[in-house]
Amino acid sequence: MAAERRNSRTSRLSNLYLFAYNSLQAFGWSVSLFRILRSVVITKSVDGAYAAAGELICLLQAAAFLEVLHGALGIVPSGVLFPLMQWAGRTHFLLAIVRRISEIQESPSVFITFIAWCLSDVIRYLHYALNCLKCCPPWITYLRYTTFIVLYPLGIAPGEIWLMFQALPFIKKTGLYAGFFSSIPFNYYDFVRVLLLFYPFLWFKLYLHLFKQRRSKLGKRHEKKKN
């Protein structure tokens with residue numbers, strides 16, 4: 001009985017923590033989306049997306065490493081591989097490239113990427129937070145497992161991939177991270193070029209994983225309705 005009470009208490013604390021984490025992330029991404037859209041309305045341009053919300057998005061994305069730990073510790077059933085792949089891809093793009101190269105921060109690709117990320121993460125974290133309370137409306141679940149079909153390719157192709165391609169001349173010109181790569185037989189410019197070759201394949205693996213999740217989650221809802 002004592003062990004059951006401890007397990008129950010631990011479960012409640014984990015659930016409370018996950019609710020707080022996901023609520024804060026949903027709020028942060030909502031604020032980011034609002035700042036970007038306000039900038040567009042005021043300036044009538046998409047060039048100010050990074051200036052409007054870039055630093056906040058950097059903070060939110062860095063904090064998202066907790067999701068890798070959640071999977072590693074078994075707090076959530078997501079595992080480690082796919083959360084780590086998504087976190088590493090986004091974080092490298094954002095912190096290693098966009099934040100360091102000011103010349104590309106006003107590119108429309110930044111706006112496209114940020115809008116895709118904001119919309120998908122507001123929905124995703126809201127879905128997680130409401131599930132912690134066991135009161136998630138079916139339409140939120142549907143959006144969570146449907147909007148990625150459009151938003152994910154949008155954020156990747158004209159967003160992340162195109163922006164990294166635009167960054168290549170600046171990486172080469174400035175010798176970005178030359179000190180770190182000095183003891184390795186290739187430089188950061190070569191690393192990004194190789195990464196761009198593999199990016200579509202890595203992305204497609206994640207994309208298929210999301211479709212698998214969609215079939216699992218929405219399929220269960222459909223079966224419940226039939227019963």
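In helix H3 (residues 65-73), the buried residues are Glu67, Val68, His70 and Gly71; buried means under 20% relative accessible area, exposed over 50%, and partly exposed in between, with a 1.4 Å probe and protein chains only. Because they cover an arc of only 155 degrees around the axis, they lie on the same side of H3; the arc is that of the directions from the helix axis to the C-beta atoms. This is a predicted model, in which local features need pLDDT of at least 70, side-chain atom pairs count only at pLDDT 80 or more, and totals for chains, interfaces and linings use all residues. Residues are numbered from 1 along each chain as its sequence is written, and side-chain values use heavy atoms, leaving out hydrogens and water.

**Helix H3**
- Exposed residues Ala72 and Leu73 sit on the face of H3 turned away from its buried side.
- Glycine 74 follows H3 and has a positive phi, near 80 degrees.

**Asparagine 22**
- Helix H1 (residues 2-43) contains asparagine 22; helices are DSSP runs (H or I, at least four residues), numbered from the N terminus.
- Asparagine 22 counts as buried because its relative accessibility is 6%.
- A polar atom of the asparagine 22 side chain lies 2.8 Å from the backbone oxygen of leucine 18.
- Leaving aside residues up to four places away in sequence, asparagine 22 touches Tyr125, Tyr128, Ala129 and Cys132 (contact means heavy atoms within 4.5 Å).

**Annotated spans**
- An unreviewed UniProt entry annotates residues 142-163 and 194-211 as "transmembrane region"; such annotations may be inferred rather than shown by experiment.
- Residues 142-163 are 86% helix and 0% strand, with end C-alpha atoms 30 Å apart; strands are DSSP runs (E) of at least two residues.
- Residues 194-211 are 100% helix and 0% strand, and their end C-alpha atoms lie 27 Å apart.

Conventions. Polar contact = N/O pair within 3.5 Å; in protein donor to acceptor, adjacent residues only side chain to side chain.
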